[in-house]
Structure formats: structure tokens, C-alpha cells
Amino acid sequence: MNFIKKSSPFYTLALFYLVVSLISRFVLLVHPITQSHFSLGELLKIFCIGSISDSLVFVVVSLFLWLYLLFLSNGKFDKPYGYIIFTAFLSLFIYVYFFNTILNEYGGALPEIGITFIGIKTVLFGLLLFLPAYRSKIRLALYSFTIFLFVLLIVQNAISEFFFWNEFGVRYNFIAVDYLVYTNEVIGNIMQSYPVIPIFSALFIITAACTYFIVQRTKNYLNELPTWSEKSKLLLSYISIFILSIFGIPKLAATENSQNIFTNELQANGLYKFYMAFTNSELDYFTFYKTVPVSKAESILMEVNPIGTVQATTAPENRKNVVLITIESLSADFMKAYGNEKNITPFLDSLATKSLLFTNLYAVGNRTVRGLEAVTLCLPPTPGESVVKRKDNKNKFTTGSVFASKGYTVKYLYGGDAFFDNMEDFFGGNNYGIVDKKTFQPHEITFANVWGVCDEDMANKAIRVMNEEAKLKKPFFNHWMTVSNHRPFTYPSNKIDIPGDAKSRDGGVKYTDFALRQFFKQAQKQSWFSNTVFVIVSDHCASSSGKTELPLDKYRIPAMIYSPDFIAPQQFSTLMSQIDVMPTLFELLHFSFDSKFYGQNVLSPSYKPRALIATYQNLGLISDNILTILSPKQAVKQFALKPRWNNKLGKEFQLDFEQELLTTQRTDLIEQTIAYYQSASARLKAKLYDK
């Protein structure tokens, strides 16, 4: 075999990808949405540099093809190697099928996926091992299926890029990443918006035809498989061009610097743009959303939501210890006051009657990082990923920095590994001390799953940490994020009346409630308890899906401030946002400081009720019984909110609202919504939210 023949599967697929990319680039160029004229130099950049970029990207994404080809051999089926490998596969399958593994710890569909994958690998290897007479035919079928998958992905990507361009006039950006998060909604939208059956039928026919052509031209690779020596040379060649591609792709992307945005987008490779969107996690507000003049946005903002110096009353600052507990996925409707009859939050139900209870509060988003952002930065949820996961996430103006300026020690407590969701980078970069699973000694862990130690273990650790802090004779601020109310919902047995291995959401909620009860039982015995304020708030709801773009009941969360002998039990039922919780606490402590927070003291007579809720791309404002939603492509919708009354609930605990599309829009509320999100995006972009 010569070198070209040995690498025929690779270069044939590469040629196919380049042809599809070239056709795709031309189609996008002449698309009606591409309203621009191009010079000869721009056309050369689009097609020449674009094609080179495509070649390098294919080298990287073809890694799995190379691994597949590398492991094609006959030698591994010889005695005794074949029987050893088959025994290993069979043993692994038995282990994952009958025993508890890391896949079971996570739960969901992952165990079934793992068992299915290993089972298929075991069966296929067995067929190739025990049926040598049919080995060539089986291998050809598997090879054809592998090529089919690659061809399908190439063609599917081209079609997806076309529809994305048709929608937004750009290559993939963070909206495409968002589509992977909200799969149900996206699939539903596609099913309703496009003729899916004809499109997928054509896709299958084209893929099958192209696969047949490629297999016919490359199947001779299977007739004389390369030796290990030849494979080593091929692998060395691939590694060389792989390294060249890794360094070359971003260099070529840096040449996308034309004043004509369409030139840059057409020159770019869509897959690399998707990767960059995934890692950069931002969606530029000013490119995709409706805007108003900067001066107007600031004027509106200062009228409805003034930002600036917080001047407390003449009362002296009350530097009590503060413990902020954000509870994983605690929807309002888990609590008795909001209609739950399962008694899964008995402790929190009781604590609510002894606290300042915020009954009409909305989370800003539906991910933990959004909740952490809300109570730490007190900032509206800007489009794209949370600031927590962005590169520019350090040295911000935070609740921690306010406490630090008052002489507090500041810590973030998390039962899992704070590396997850970039929490370690964010909190560490904002001068929080971090106490996470890595700081636990073996004897401090009684139960753990894939997410970390159970909430009881974290509660015990928190007590020890606070006892040590109290010895420093300084006030402390500790932010504890719980983990147990999260799939797989496993926790220690014999703690509550729902078994620890039942893996039920109700069990996860009830166990976290139990762990909080244990924490407060211990805290009440400590010397620092009487001088401590406890703030308890959910990070987000347990579910985000609904019939509307922003279903209000999927954002309603409980929140309370508890401090016996300091804060009188009461209910505050005015509409408010998650970003208002900590600024309200600062007022209760009579703190004075120069503020950059958008969050407001809701107890102030000047407070104007509103709530901010969002997904990664839909940005909402609830105000005056109207929900205003800003979406990409400068789209705006408004809905009148009408409660669907549940007679079993009090007025302040009604969760369900009918959203009726307004035909005559409220311009003032649209401008207010723009002012919130545009100004927040601008402040972050200009680093005006830095400490």
C-alpha cells in the first residue's frame, strides 16, 4: 500500500467536507439576508482563507476517525489476545450492568447509555472474534456506518448553518450553544416552523448516496490494513498536521478583521465559531437586541432604578455576622405556603413564619450560576452565559467586597468541587476564601455522590469554619451553596421518610430541608448565633420548561431573612427580584457604601416594584402586571399578566399567570427593559462594574 492509499478514508472525507463547505459558503453569500457588496479582495479572503480554515478544522474534528482507523487490525483477534480483550469487555459490561458505578451515581439516562454502548462494543467484538469467516463483511458494514455518521454530521452541519444564517445573518454564536441547553423548546420550534419530513428525507438520501460513493472509493483500505509500523508513520503525520491546525485555526480567525461584518462571518468556519461561543459564553447585546441612545438608557435607569451611594439612616452600622444560604433548585411550590401538600419542607415552612419572608420574589434565571451571580453581583442577567463563567469575571463589585470593606472575613462554602461551573475561579478571583470538598478530611465525609458531600456534612463543616472565624474577633460573611437537591437525589439513608436510594426529587428537597434543620440546631448552640443574620434563598427553580418563553411559575422562588431578636417576623409581598435580596439586607444592617448594584432595598418607600427574569437569550422585565421580553434580532414582545386564581392559596402566594399577548405595546415599559439590560451589558463591557 502506498501512503495515499493508506490515508484514503481521511483525505476523501476531507475533500467531501471542503466541497460541502464551499457550496455552503457560496449559498450564504448569495442569501437575501446577506445585504452587502464585496470587493475582489474580500471575496478572495472569504473563499481562500475560508477554505484553508475549513481544512485545518477538519483535521481537528477528524480525530475520532483517526482513532477508529488506528484500532482496525486483525492481530487483536489472534489467540490469546482476542479472548483476553473479549473477556475484559464482557467483565466491564457485567460490572456496569449489575453493580453501582459512577454512571448510577449521576442517574438519569446516563447508566442506560453507558450499558448500551459497552454492550454493543462487546457484541461486535465477539462477532468479529468468533465469526472470522464473516469478519470482512462485518467490518465493511461497521466502516460504512462510521463513514455514514461523518457524512451525516457534515451535511447536517451545513443545513443547520443555513437555517441559522437565515434566522440571524451570522455563523454560530452563543444562541446556537443555548439551543443545546433548551433542546425541547428548540425541537418544538423546528417541528412547527419547517417541513421536517421532506428536509430529513432529503438529508437521509443525500447522506446515503455520498456514503456509498465514499465507501466505494476507500474500502480498499480494509482489504490490506496497515501494519503497526505503517500506522505509526500515519499517526506521526496526523499528529504533526493536528498540532499545526491547533495553532493555525486561531491565527486565521484573527484575520477576520474586515469592516464588513458579512465578510468576517462568511470567511469564518462555523464549527470553530461554535467552539468560541461555547468557551467565551457571551452574546453581544448591542449586536442582537433593541437599543436606545446611551444617555436615554441611563436617564430611564436612574429614574426607575437609581444606582449610586447607599446612605444608611443615622443609626450606626450593625456589623452582625451574615450567613447566606443558596439552596439548589428550591421552587416556591415545594413549600407549604405555595400549595405543596407533601410536607417536604417542614423546617423551612416553620422558619418562614419566624422570618422576614419575601413572598413575591423571582429568580433571574434557571441555572445555579445565574443565582450565584444574582446574589453576588446584584446585576441583571445579561445575554449569554453568566458572568460567573466568563473570562472577565474577577475583581468585580460584589456583596463580598462590600462586607470586606467593613472588616468581614469572606468565604464561599460548597459541598462539591468548586472547579465545577467555574465557581472557584469566580469566587477566588473576587477575594472569597473557598471551602469546598477538597478541604474535607476523610473523617469529615459520611456520604458523597458525584456532586459532592451531602448537605449534612457541609453543614457540620460550616459550623466548624464559623467557630474558627468567631475566634478571630471579626464579623464573618459566609455564602453556602447546597448540593443535595440535585440529580441523582441520593443522600444518607435513615434520615427522612424517603429512602436515600429512591432517587426522587421530593427526597432531595426533604433531605436538604432536614440538613438545614440540623445546621440550625447546631448553630443555636454557638456563641456567635445571637449576633448572626441568616439569609436563605433558592438559586433557581427545579424546572424551567413551560408553555411560554418565560413561564413565571418557573422563576418564583422562596427567600427569607432570619435573625431572632433583630428582624421581626413579617411577610413582604411586593414584587421583587433575586438581585434585591442582599441590598435589602445591607439596609437592615445600616451599611453605607458607594454602590454599583442594580439591586434595590425593597423596604424603601421609593422602591419601584419590578422583577428581572431571563434565559440565555430572552430578557424579561415584570412590571405593572406586564411581562416585556427582549429577544435577538431586536424583537420585543409584551404580555398582560392575569393570575389564574388558586382558591387554596393566599393572594400573595399565587403562582400561575395567564400571559396574553398585547397588541398595543407599552412603550415606556419597553424602554425600561432596554435600559436595564443595555446599561448592564455596557457596564460589564466597559469594566465599570469592576471593584
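Select tyrosine 238 and phenylalanine 242: both belong to helix H13 (residues 228-253) and stand four residues apart, about one turn of the helix. Helices here are DSSP runs of H or I with at least four residues, numbered from the N terminus. The model is predicted, so local features need pLDDT of at least 70 and side-chain atom pairs count only at pLDDT 80 or more, while totals for chains, interfaces and linings use all residues. Residues are numbered from 1 along each chain as its sequence is written, and side-chain values use heavy atoms, with hydrogens and water left out.

**Aromatic pairs**

The structure holds 51 aromatic pairs. Rings of Phe, Tyr and Trp (its six-membered ring) pair if their centres lie within 6.5 Å; planes under 30 degrees apart count as stacked, over 60 as edge-to-face and the rest as tilted.

Next, select tryptophan 165 and phenylalanine 262, a tilted pair at 6.0 Å centre to centre with 45° between the planes. Tryptophan 165 lies in helix H8 (residues 135-168) and phenylalanine 262 in helix H14 (residues 261-267), so the pair ties together parts that are 97 residues apart in sequence. Tryptophan 165 is buried, at a relative accessible area of 0%, and phenylalanine 262 is buried at 18%. Buried means under 20% relative accessible area, exposed over 50%, and partly exposed in between (1.4 Å probe, protein chains only).

Return to tyrosine 238 and phenylalanine 242, which form a tilted pair with 5.8 Å between centres and 45° between planes. Tyrosine 238 is buried at 3%, whereas phenylalanine 242 is partly exposed at 22%.

**Charges over rings**

Now select lysine 320, whose charged end sits over the ring of phenylalanine 566, 5.0 Å from the ring centre. This term requires NZ of Lys or CZ of Arg within 6 Å of the ring centre and within 35 degrees of the ring normal. Proceed to lysine 406, which lies over the face of phenylalanine 591 at 5.5 Å from the ring centre.

**Helix H2 and helix H11**

Finally, select H2 and helix H11 (residues 196-218), whose axes come within 9 Å and cross at roughly 145°. Axes are lines fitted to C-alpha atoms, for helices over the stretch in contact, and angles run from 0 to 180 degrees between N-to-C directions. Ser8, Pro9, Thr12, Leu13 and Phe16 in H2 are in contact (heavy atoms within 4.5 Å) with Cys210, Ile214 and Thr218 in H11.

Definitions and conventions
Helices (H or I, at least four residues) and strands (E, at least two) are DSSP runs, numbered from the N terminus.
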